[in-house]
Amino acid sequence: MHPIEMRKYRAVGLVAALLVLLAVSYTRNAEEEEGAMADGGPLAGGIHDAPAGRENDLHDIDLARFAVDEHNKKANALLEFDKLVKVKQQVVAGTMYYLTIEVKDGEVKKLYEARVWEKPWMNFKELVDFKPAEGTSHLPCPIAA
């Protein structure tokens, strides 16, 4: 066999071997992703609970205060931030924070759910949604009692 023909066969063999390796790798990754979904593992881009204690994180509290202030401006309301109850987050083009916030509306405590989108590298923060938490009743404020 001529040396040039041998090189062609070697090149074809190497390409075939690379394609087999890529196929095996792709199959393995797909199986691992299916396993992660089946066992309830986190999905990229999915909404997930922030680590415990995040309701005391100063950055998250600032986001919650921002949400209440922005809502007050848009709705001409006078809600007062009381505390951050729960934090969830989702990686998007930045981070979407899902905040459960306790506020005071006069003498009544209420729970609200807010979504705040943040891109810190652009100094960007936007209140996307602010609504009463579902299934909550208004709590009497202990200060008024």
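The structure is a predicted model, in which local features need pLDDT of at least 70 and side-chain atom pairs count only at pLDDT 80 or more, while totals for chains, interfaces and linings use all residues. Residues are numbered from 1 along each chain as its sequence is written, and side-chain values use heavy atoms, with hydrogens and water left out.

## Overall fold

The chain contains two helices and six strands. Helices (H or I, at least four residues) and strands (E, at least two) are DSSP runs, numbered from the N terminus. Along the sequence, these elements follow the pattern α-β-α-β-β-β-β-β. Of the 145 residues in the chain, 27% are buried. Here, buried means under 20% relative accessible area, exposed means over 50%, and partly exposed lies in between (1.4 Å probe, protein chains only). Among the contacts in the chain with a separation of 6 or more, 45% are between residues 24 or more positions apart; a contact means heavy atoms within 4.5 Å.

## Pairing of the strands

Two strands are said to pair if DSSP finds at least two bridges between them.

| Strands | Bridges | Direction |
|---|---|---|
| S1 (residues 48-49) and S2 (residues 80-92) | two bridges | antiparallel |
| S2 and S3 (residues 94-105) | 11 bridges | antiparallel |
| S3 and S4 | 11 bridges | antiparallel |
| S4 and S5 | eight bridges | antiparallel |

Asp-49 has Lys-88 in S2 as its bridge partner, and Lys-83 has Glu-102 in S3 as its bridge partner. Further along, Tyr-97 stands opposite Val-116 in S4, and the bridge partner of Ala-114 is Phe-130 in S5. As a general rule, the side chains in a regular strand alternate between the two faces of the sheet.

One residue lies between S2 and S3 in their hairpin. The hairpin of S3 and S4 has two residues between the strands, and Gly-106 takes a positive phi near 70° there. In the hairpin of S4 and S5, four residues lie between the strands.

## The nonpolar core

A nonpolar core is a set of buried Ala, Val, Leu, Ile, Met, Phe, Trp, Tyr and Cys residues joined through side-chain atoms within 4.5 Å. The largest such core has 20 residues, of which Leu-84, Leu-99, Ile-101 and Phe-130 touch the most other members. Helix H2 (58-75), S2, S3, S4 and S5 are the elements that give two or more residues to this core. The greatest contribution comes from H2, with six residues.

Which residues are in contact with Phe-130, leaving aside its neighbours within four places in sequence? They are Ala-67, Val-68, His-71, Leu-79, Ile-101, Tyr-112, Glu-113 and Ala-114.

## The largest pocket

The largest pocket has a volume of about 180 Å³. On a 1 Å grid over the protein atoms alone, a pocket is an open set of points where a 1.4 Å probe fits, with protein on both sides within 12 Å along at least five of seven lines; lining residues have an atom within 4 Å of a point. Grid points are joined across faces, edges and corners, and the volume is the space filled by probe spheres set on the points.

The lining of this pocket includes Lys-86, Val-87, Lys-88, Tyr-98, Arg-115 and Asp-129. At least two lining residues come from each of S2, S3, S4 (108-119) and S5 (124-132). By type, the lining residues are four nonpolar, one polar and six charged. In this division, Ala, Val, Leu, Ile, Met, Phe, Trp, Tyr, Cys and Pro count as nonpolar, Asp, Glu, Lys and Arg as charged, and the others, Gly among them, as polar.

## Residues in the loops

Asn-76 lies in the loop between H2 and S2. Although Asn-76 is not a glycine, its phi is positive, at about 50°. Asn-76 counts as exposed because its relative accessibility is 73%.

Asn-123 is placed in the loop between S4 and S5. Asn-123 also is not a glycine, yet has a positive phi of about 55°. With a relative accessibility of 74%, Asn-123 therefore counts as exposed.

Gly-53 belongs to the loop between S1 and H2. Its relative accessibility is 36%, so Gly-53 counts as partly exposed. Gly-53 and Val-87 are 34 residues apart in sequence, and their C-alpha atoms are 9.2 Å apart in space.
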